[in-house]
Amino acid sequence: MNGNTPYAGLPGETGAGQRAAADVPDLSSAQKRLLHRDVSRIAARTREFLPNEYVVDADVSNGMTGPEVTVAVRPPVGHAVSAGFTPDLEEAVAAEEVITAAERDEVARGLAASAALQVKQAISNNVRPTGK
């Protein structure tokens, strides 16, 4: 069964540490600020589509291949929804934004729609029709 794990191989060698540090992009402080600003814009745009009862949060973390962005929505009822992705930093080196306005809008609309659907699905069986 050792062949199914990342730690398989010759004694003393593991697959877990073989990724070179050069493979993971290192963000400059300016890129970090741009990324955090863009993620905050996604969260703000998502809030614009939803009532105040929905909780929207965003996070930037470091993953195995570089920075990872997560934006999540907690509806008043139903399951939370989230969108996670890894931005392409190579295209954003000289740009004023890491995540384009079109991408931000697409993510915000998708999250808002998914959160609204969660509410609809959660209450659909509990609502009695007002007339027949």
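Author: Two strands pair if DSSP finds at least two bridges between them. Helices (H or I, at least four residues) and strands (E, at least two) are DSSP runs, numbered from the N terminus. This is a predicted model, in which local features need pLDDT of at least 70, side-chain atom pairs count only at pLDDT 80 or more, and totals for chains, interfaces and linings use all residues. Residues are numbered from 1 along each chain as its sequence is written, and side-chain values use heavy atoms, with hydrogens and water left out.

Reader: In which sense do strand 2 and strand 3 pair?
Author: They pair in the antiparallel sense, over five bridges. Val-69, for instance, has Phe-85 of strand 3 as its bridge partner.

Reader: How many residues lie between strand 2 and strand 3 in the hairpin?
Author: There are six, and Gly-78 in the turn has a positive phi of about 100°.

Reader: What is Gln-118 in contact with, leaving aside its neighbours within four places in sequence?
Author: Gln-118, which is found in helix 2, is in contact with Pro-75, Val-77, Gly-78, His-79 and Val-81; contact means heavy atoms within 4.5 Å. The C-alpha atoms of Gln-118 and His-79 are separated by 6.2 Å, although these residues are 39 apart along the chain.

Reader: Is Gln-118 buried or exposed?
Author: Gln-118 is buried, because its relative accessible area is 18%. Buried means under 20% relative accessible area, exposed over 50%, and partly exposed in between (1.4 Å probe, protein chains only).
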